[in-house]
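Here is a short briefing on one protein chain. Keep the sequence and the 3D view open as you read.

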Amino acid sequence: MGYAQRTGTTRHRSALLPPRSGTAARRAPAPSPRPPRPRPRTTRLRRALLSVLLTAAIVTPLAGAARPQIPAPRPATLTAPLTPSTLPSAYEANRRNAGEAARMAAVHGDAHRAAADRALAAPSRRLLAFDGRGTGQATEVLGDLTRAEHIAVLVPGSDTTLDTYTRFHRAAAALYTHLTHRTGPAHGPAPRVAVIAWLGYDTPATVSTTVTTTTRADEAAPRLRAFVRRLRTLAPAGTHLSVLCHSYGSVVCGRAAPGLDADDMALVGSPGTGADSVAALRTRARVWAARGGDDWVADVPHVRAGLFGTTVGFGTDPVSTAFGARVFDAADADHSGYFTPGSASLANLARITLDHPREVTRG
């Protein structure tokens, strides 16, 4: 700023000040400033949430821009309706589609995605659905769905994509292994079970604005309800069905709960469901909840606040007395440790899947 501008500004400001006259005026003490008024707690919370949202809104587009879109074929078109007798052909069609997606990703230069798709295309994999476009979706069956007496559907949380699918598959495989090895005098022969890894929605990124709202869960909820209805037509009549919902997946389960044809619902590492109580979920399922002692989600504020026409946060803590779920023991599990082999959490999730509520150790 130049000197002439500074002096002009000074003259202008001086003209706005009242004239000073006499010694008293020169010596008059300046009025004491008012002490700042404390901001209400809700205002501070809104500002904190807004800061987080703005940071995430900046970081996420930059992170996403670094990775170009990966080409992939459209999902396979099944030539016959999905029934117990057509399951093998559906599995095969989806494996072929995953193989083509792997080829296209390799040509595109994305070796990581190509490897992930190629693994799903292996002859041993049973894919009920596969879509390699974008971040990708897949639904995989472990076990014999047509003979299963007990089915567990795993619903994943944020940052679960085809690129990270190995981690999700590892959790489903750990549960399936635990279930099929429950043998001996105490348990009898191994039960007929199936575990389904349901990556049937676009999960939010952990660092994003969408992970703080129910938007993605609202989109996923009707898909999860429809999927469970379809499972009922593929599995034997009377099969016990549980949905096991991790992290943001528990928000999906909470939004899907009314009309979800499940017998049990387990919420692990949950930031909330969008409902304030089990009764507000309006579900016929028994509702369970657990949080490990080393899970960082315990530090997430269990609040809901309106910002810019949307609701941020997911409400009451599912392991709190106020929520009313059946809280079970997860020992010292961290946020990714609920399906760790040998853990208290995995053992209890297996008991829930097998409809043995009295064996579940309570938290």
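## The chain at a glance

Of the 363 residues of the protein chain, 44% count as buried. The model is predicted. The chain holds ten helices and ten strands. Take the contacts between residues at least 6 apart in sequence: 68% of them join residues at least 24 apart.

**The sheet**

- Eight strands form an open sheet with mixed pairing. Their order is S1-S2-S4-S3-S5-S6-S7-S10.
- Strand S1 (127-131) and strand S10 (326-327) are the edge strands. Each of them pairs on one side only.
- In general, strands of a sheet pair through backbone hydrogen bonds, either parallel or antiparallel.
- Strand S3 (residues 150-155) and strand S4 (residues 193-199) run parallel. Five bridges join them.
- Find valine 153, then look across to S4: isoleucine 196 stands opposite.

**Helices across the sheet**

- Helix H4 (residues 87-108) lies across S1 and strand S2 (137-143). The helix runs at about 30 degrees to S1.
- Helix H6 (residues 165-180) lies across S2, S3, S4 and strand S5 (240-246). Its direction is at about 165 degrees to S4.

**A mostly covered helix: H8**

- How many of the nine residues of helix H8 are buried? Eight are, so helix H8 (residues 248-256) is mostly covered, with buried meaning under 20% relative accessible area.
- The buried residues of H8 are Tyr248, Gly249, Ser250, Val251, Val252, Cys253, Gly254 and Ala256.
- What covers the buried residues of H8? The cover includes S3, S5 and strand S6 (264-268), along with helix H7 (215-234) and helix H9 (278-281).

**How H7 packs on H8**

- Two packed helices are described by the angle between their axes and the distance between the axes.
- For H7 and H8, the angle is about 60 degrees and the axes are 8 Å apart. That angle makes H7 oblique to H8.
- H7 passes H8 in a right-handed crossing.
- On the H7 side, the contact is made by Thr215, Arg216, Ala217, Asp218, Ala220, Ala221, Leu224 and Arg225. On the H8 side, Tyr248, Val251, Val252, Cys253, Arg255 and Ala256 take part.
- By class, this contact of H7 with H8 has nine nonpolar, one polar and four charged residues.
- An α-helix has 3.6 residues a turn, so residues three or four places apart point the same way.

Methods. Residues are numbered from 1 along each chain as its sequence is written. This is a predicted model: local features need pLDDT of at least 70, side-chain atom pairs count only at pLDDT 80 or more; totals for chains, interfaces and linings use all residues. Side-chain values use heavy atoms; hydrogens and water are left out. Two strands pair if DSSP finds at least two bridges between them. Helices (H or I, at least four residues) and strands (E, at least two) are DSSP runs, numbered from the N terminus. Contact means heavy atoms within 4.5 Å. Axes are lines fitted to C-alpha atoms, for helices over the stretch in contact, and angles run from 0 to 180 degrees between N-to-C directions. Buried means under 20% relative accessible area, exposed over 50%, partly exposed in between (1.4 Å probe, protein chains only). Angles under 35 degrees count as roughly parallel, over 145 as roughly antiparallel, 65 to 115 as roughly perpendicular and the rest as oblique. A crossing is left-handed if the near helix is turned anticlockwise from the far one by less than a right angle, and right-handed if clockwise. Ala, Val, Leu, Ile, Met, Phe, Trp, Tyr, Cys and Pro count as nonpolar, Asp, Glu, Lys and Arg as charged, and the others, Gly among them, as polar.
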